[in-house]
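Please keep the structure in view while reading.

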Amino acid sequence: MKKILLVIAFVVSATATFAQQLAYADSEYILKHIPEYTTAQKQLDDLSKQWQEEVDQKYAEIEKLYQAYQKDQVLLNEDMRRRREDEIVTREKEVKDYQKQKFGFEGDLFKRRTQLMKPIQDRVAKAIQDVASAQGIDFIMDKGNESTFLYANPKLNKSNDVITKLGYKPNPSLAN
């Protein structure tokens, strides 16, 4: 019986020794408190909208070319038809390349987003590290939009501590 109690005591003390402090923060909620984030997001939205309008305009021009080709197709000889078809195909390829250049992975929008958001994300990461160090927390998980938490105790939420560390006042109305 003493051996069993001794083993149980050892297991409990070992578990307590290896216990880790865990908390979470909501990155989306935190970012909503940072004016630079809102400004950067608006700049990115405006830039994206401008480029998308350019793409739409180019596709509209291609559509006009195609309609004109359809209308004139019967009157064109084989060489003229081929040239017009090639022009339409070439323009479509140019627009797709333009889209890829602007919106593709590592395209202009991606680069601009990185340029605008990286300093903000670095500040948030530093604030999270400071909060974790100050409160003796080993892990802080993100409970952002793509949350995989089935349950999260609100007492473990350190989002407001991070917002305060960044120099802002927490606003509960910005929570999801």
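The expected span is 1.5 Å times one less than the number of residues, and helices are DSSP runs (H or I, at least four residues), while strands are runs of E with at least two, both numbered from the N terminus.

This is a predicted model, in which local features need pLDDT of at least 70 and side-chain atom pairs count only at pLDDT 80 or more, whereas totals for chains, interfaces and linings use all residues. Residues are numbered from 1 along each chain as its sequence is written, and side-chain values use heavy atoms, with hydrogens and water left out.

## Buried residues

Several residues of α5 are buried, including Leu109, Leu116, Met117 and Ile120; buried means under 20% relative accessible area, exposed over 50%, and partly exposed in between (1.4 Å probe, protein chains only). The buried residues of α5 pack against α2 (27-32), α3 (35-72), α4 (78-103), β2 (139-142) and α6 (159-165), where contact means heavy atoms within 4.5 Å.

## Beyond the helix

Just after α5, glycine 136 has a positive phi of about 65 degrees, and aspartate 138 lies in the loop between α5 and β2. Aspartate 138 counts as partly exposed because its relative accessibility is 45%. The C-alpha atoms of aspartate 138 and glutamine 20 are 5.9 Å apart, although 118 residues separate the two along the chain.
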